[in-house]
Amino acid sequence: MSLANILLEGTAQLGGALGAGIAAIGAGIGIGQIGKGAVESIARQPEAAGDIRASMILTAAFIEGVALFAVIAGLLAVLS
């Protein structure tokens, strides 16, 4: 195996690890922003709490799903 192949493989693994970490951090920030917005909305309009909560949970689930795919893709790059 040549030195160039070894360096490229290491770079791919580093990129995969960084991508998985950034995806997890981004998902955490995004869900935090959703929660913040939902709490502020409920404080302004308490009678709409049920609808706001349902929308918040659905959106958070979508973000978690996308983040899970990103983390898996990053880990596959690390392990390959």
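The UniProt annotation "domain: V-ATPase proteolipid subunit C-like", from an unreviewed entry, covers residues 14–76; UniProt positions are given in the numbering used here, feature names are shortened, and annotations may be inferred rather than shown by experiment. The structure is a predicted model, in which local features need pLDDT of at least 70 and side-chain atom pairs count only at pLDDT 80 or more, while totals for chains, interfaces and linings use all residues. Residues are numbered from 1 along each chain as its sequence is written, and side-chain values use heavy atoms, with hydrogens and water left out.

The annotated span of residues 14–76 is 94% helix and 0% strand, and its end C-alpha atoms lie 12 Å apart. Helices (H or I, at least four residues) and strands (E, at least two) are DSSP runs, numbered from the N terminus. The chain as a whole contains two helices and zero strands. Its radius of gyration is 19 Å, well over the 12 Å that the globule rule gives for 80 residues, so the chain is more spread out than a compact globule. The radius is taken over C-alpha atoms, and the rule is 2.2 Å times the number of residues to the power 0.38. Along its principal axes, the C-alpha trace spans about 65 × 15 × 10 Å.

Residues 12–35 are 100% helix and 0% strand, with end C-alpha atoms 34 Å apart. For residues 56–79, the composition is 100% helix and 0% strand, and the end C-alpha atoms lie 34 Å apart.

Helix 2 (residues 49–79) has 31 residues and reaches 44 Å from its first C-alpha to its last, close to the 45 Å expected at 1.5 Å a residue; the expected span is 1.5 Å times one less than the number of residues. The buried residues of helix 2 are A49, I52, A60, A67 and G74, where buried means under 20% relative accessible area, exposed over 50%, and partly exposed in between (1.4 Å probe, protein chains only). Across the chain, buried residues make up 15% of the 80 residues.

Helix 1 (residues 3–44) includes T11, which is exposed, with a relative accessible area of 51%. T11 and A67 are 56 residues apart in sequence and 22 Å apart in space, C-alpha to C-alpha. Among contacts (heavy atoms within 4.5 Å) with a separation of 6 or more, residues 24 or more positions apart account for 73%.
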